[in-house]
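The tour below goes from one stop to the next.

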Amino acid sequence: MVKITPVSVTDEQTTDVQYDERDEDYSDISDSGSEVSDFEDDENDIANETLTDRIIALKDIVPPQYRPMFSDAYGKAQGALEWSFKAAWVVTTSVMFLAAPFALVANSNMESSAAQMGMRQMQEANEIIAPGAN
């Protein structure tokens with residue numbers, strides 16, 4: 001995390017630097033070609049950056065006094081989401097255990113009634129073909 005501290009400049013700390021001395025300090029920058037390689041490195045960093053990295057970097061935008069409030073809200077939202085997943089799991093498994101046997105019984109009742117109806121239709125068809133055969 002970045003901490004910002006105010007710095008005060010006093011007269012003792014400031015000194016006038018001659019132009020020649022400043023020129024010598026920065027003369028090797030243009031010769032090395034490091035500006036181009038730094039730019040390419042920055043592009044590679046951006047290309048390899050994930051969404052999580054970008055979201056984590058956003059925390060520096062929020063002032064420090066508001067960060068606990070956002071952290072608490074995030075914790076509460078995460079807890080509510082976990083609770084809802086657990087509740088959905090309990091409801092789903094309960095329905096499966098309670099409703100599945102009823103569905104099987106209903107299906108077997110439908111099959112048996114369909115078989116009885118088929119038998120009646122066969123008897124009616126036999127009576128039409130050979131009346132009074134029974």
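A residue is called buried under 20% relative accessible area, exposed over 50%, and partly exposed in between, using a 1.4 Å probe and protein chains only. This is a predicted model, where local features need pLDDT of at least 70 and side-chain atom pairs count only at pLDDT 80 or more, while totals for chains, interfaces and linings use all residues. Residues are numbered from 1 along each chain as its sequence is written, and side-chain values use heavy atoms, with hydrogens and water left out.

Start by selecting the whole protein chain. Its secondary structure comes to five helices and zero strands, where helices (H or I, at least four residues) and strands (E, at least two) are DSSP runs numbered from the N terminus. Of its 134 residues, 0% count as buried.

Next, select residues 67-129, which form helix α5. Its 63 residues should span 93 Å at 1.5 Å a residue, and the end C-alpha atoms are 89 Å apart, which agrees. The expected span is 1.5 Å times one less than the number of residues.

Now go to Ala 99, where α5 bends by about 30°. The bend is the angle between axes fitted to the seven residues ending there and the seven starting there. Pro 101, a proline, follows within four residues.

Last, select Glu 49 and Arg 54, whose side chains meet in a salt bridge (3.0 Å, N to O). The term requires a side-chain nitrogen of Lys or Arg within 4 Å of a carboxyl oxygen of Asp or Glu. A search of the whole structure finds one salt bridge. Glu 49 counts as partly exposed because its relative accessibility is 33%; Arg 54, at 43%, is also partly exposed.
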